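My entries follow in the order in which I looked.

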Amino acid sequence: MQTIIARHKVGDINTWLKGHEERVALFNQASSHFRTFQDGDDPNSVLLLIETDDMDTLAAIINDPASADAKSRHTVIEPIIISTEVSL
């Protein structure tokens with residue numbers, strides 16, 4: 001299991017939050033679950049902590065042009081910054 005952090009801005013946090021169940025269904029293809037965070041200094045900046053066994057599928061979902069409609073409805077603002085854990 002790999003933990004991925006995805007951070008991005010949204011145009012409207014309330015609209016974005018209402019899209020949670022749609023994100024669950026979308027990411028379910030590559031993730032058993034994810035947790036949602038909001039920046040303390042910027043309510044329109046969010047972070048998803050995603051657990052995945054299939055990073056390739058997760059990346060494909062995030063970058064798929066078919067996901068553009070959901071991103072638009074959820075007011076996602078690009079770029080989506082993906083971070084992975086560093087092994088020390």
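I began with Glu51, which is buried yet has no salt bridge, the nearest side chain of opposite charge being that of Arg35, 6.8 Å away. I use buried for under 20% relative accessible area, exposed for over 50% and partly exposed for what lies in between, with a 1.4 Å probe and protein chains only. A salt bridge here is a side-chain nitrogen of Lys or Arg within 4 Å of a carboxyl oxygen of Asp or Glu, and for charge Lys and Arg count as positive, Asp and Glu as negative, while His and the chain ends are not counted.

I note that the model is predicted, that local features need pLDDT of at least 70 and side-chain atom pairs pLDDT 80 or more, and that totals for chains, interfaces and linings use all residues. Residues are numbered from 1 along each chain as its sequence is written, and side-chain values use heavy atoms, with hydrogens and water left out.

Which side chain makes a polar contact with the side chain of Glu51? I found that of Thr3, at 3.0 Å; a polar contact is a pair of N or O atoms within 3.5 Å, where within protein one must be able to donate a hydrogen and the other to accept it, and residues adjacent in sequence count only if both atoms are side-chain atoms. Glu51 sits in strand β3 (residues 45-52), where helices (H or I, at least four residues) and strands (E, at least two) are DSSP runs numbered from the N terminus.

**Entry on salt bridges.** I counted five salt bridges in the structure. In one of them the side chains of Arg7 and Asp39 meet at 2.7 Å, N to O; Arg7 lies in strand β1 and Asp39 in the loop between β2 (31-38) and β3, so the pair ties together parts that are 32 residues apart in sequence. Arg7 is partly exposed at 32% relative accessible area, and Asp39 is also partly exposed, at 24%.

I then looked at Arg73 and Asp69, whose closest N and O atoms are 2.2 Å apart in a salt bridge. These two residues are four apart in helix α4, and are therefore separated by about one helical turn. Lys71 forms a salt bridge with Glu78, the closest N and O atoms being 3.0 Å apart; Lys71 is buried at 18% relative accessible area, whereas Glu78 is partly exposed at 47%. Salt bridges that share partners also join Glu22, Asp69 and Arg73 into one network.

**Entry on the cavity.** The lining has 16 residues, of which Arg23, Phe27, Lys71, Val76 and Ile80 lie nearest the centre. Helix α2 gives the most to this lining, with four residues.

**Entry on the backbone.** Most residues other than glycine have a negative phi, and most peptide bonds are trans. A cis peptide bond joins Glu78 and Pro79, with omega about 5 degrees, and Pro79 lies in strand β4.

Technical notes: On a 1 Å grid over the protein atoms alone, a cavity is a set of points where a 1.4 Å probe fits but cannot get out, and a pocket is an open set with protein on both sides within 12 Å along at least five of seven lines; lining residues have an atom within 4 Å of a point.
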